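Please look over the sequence and the model shown here.

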Amino acid sequence: GTITQDTVTFTSANANDPTVIIKNTASDVNGARLQLVKDKGAAGADADEIGEITFIGDDAAQTQTEFAQIRVLIAEADDTDEAGIMSLKVASSDGTTTGLTDGLTLTGHKSGDYVDATIGAGTSSTVTVEGSLQVDGDLTVSGTNTILDSTTIATGDSFIKLAKDQGTSSDAVDFGFYGKYGESGTAKYAGLFRDAGATDEPFTF
């Protein structure tokens with residue numbers, strides 16, 4: 001059947017209610033379905049919103065506030081070469097203003113048949129992986145510090161490249177590696193490095 005109605009509200013004063021159940025009782029491998037359909041009666045376009053699910057609750061002042069949202073847009077509307085965007089948003093605040101911020105965004109690409117994933121928002125955000133993380137492609141770290149709390153670091157390459165951004169116009173960069181150890185309560189360091197300013201033997205241990 002079809003219900004033609006702008007807004008339908010289910011209200012209950014019971015704990016853990018109202019509950020909406022969509023139940024499939026067919027004896028097959030298929031399950032129940034929930035579809036949000038956008039049919040604008042005209043050609044679709046990039047950035048058209050297809051649907052959203054918003055989670056709203058009371059804040060400490062009993063103001064109804066949007067705390068989370070799932071949103072889907074059209075990334076590419078080209079016929080037979082379509083792509084979509086799905087974002088998971090949560091409320092965040094700068095101390096005075098609260099709004100929904102993308103925490104996870106999945107962006108499909110046309111023709112190339114791949115999906116980009118963007119996790120977190122803001123330079124202070126943290127992504128935590130409790131188990132193992134496997135990267136099948138290249139890994140690029142653009143931050144200032146890379147800290148590894150591993151007991152063993154192993155690489156299949158026999159060379160480690162340092163000072164990769166050093167130009168060819170001048171020899172002005174020291175590079176090397178060092179370790180820290182303690183002796184009689186004092187922190188000391190030992191390593192191997194190349195002193196660009198040395199006039200004789202540039203390598204020092």
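**Pockets, strands and one arginine**

The second largest pocket holds about 230 Å³ of space. This is a predicted model, in which local features need pLDDT of at least 70, side-chain atom pairs count only at pLDDT 80 or more, and totals for chains, interfaces and linings use all residues. Residues are numbered from 1 along each chain as its sequence is written, and side-chain values use heavy atoms, with hydrogens and water left out.

**Pockets**

- A pocket is an open set of points on a 1 Å grid over the protein atoms alone, where a 1.4 Å probe fits, with protein on both sides within 12 Å along at least five of seven lines; lining residues have an atom within 4 Å of a point.
- A volume is the space filled by probe spheres set on the points, which are joined across faces, edges and corners.
- The second largest pocket is lined by Leu133, Val135, Leu139, Val141, Thr146 and Leu148.
- That lining divides into 5 nonpolar, 1 polar and no charged residues (Ala, Val, Leu, Ile, Met, Phe, Trp, Tyr, Cys and Pro count as nonpolar, Asp, Glu, Lys and Arg as charged, and the others, Gly among them, as polar).
- The largest pocket has a volume of about 410 Å³, and its lining includes Leu139, Thr140, Asp157, Phe159 and Ile160.
- By class, 7 nonpolar, 3 polar and 1 charged residues line the largest pocket.

- Strands are DSSP runs (E, at least two residues), numbered from the N terminus, and two of them pair if DSSP finds at least two bridges between them.
- Strand S4 (residues 98-108) pairs with S5 in the antiparallel sense over 5 bridges, and Leu104 stands opposite Ile119 in S5.
- The two strands, S4 and S5, form a hairpin with 6 residues between them, and Ser111 in the turn has a positive phi of about 65°.

**Sheet S6-S7-S8**

- An open sheet is formed by 3 strands in the order S6-S7-S8, with antiparallel pairing.
- Its edge strands are S6 (175-183) and S8 (203-204), each of which pairs on one side only.
- S6 and S7 pair over 9 bridges, and Gly179 stands opposite Ala190 in S7.

**Arg194**

- Arg194 lies in strand S7 (residues 186-194) and is buried, with a relative accessible area of 17%.
- Not counting residues up to four places away in sequence, Arg194 touches Asp171, Val173, Asp174, Phe175, Pro202 and Phe203 (contact means heavy atoms within 4.5 Å).

Notes: Helix = DSSP H or I, 4+ residues; strand = E, 2+ residues; numbered from the N terminus. Buried < 20%, exposed > 50% of the residue type's maximum accessible area, 1.4 Å probe, protein only.
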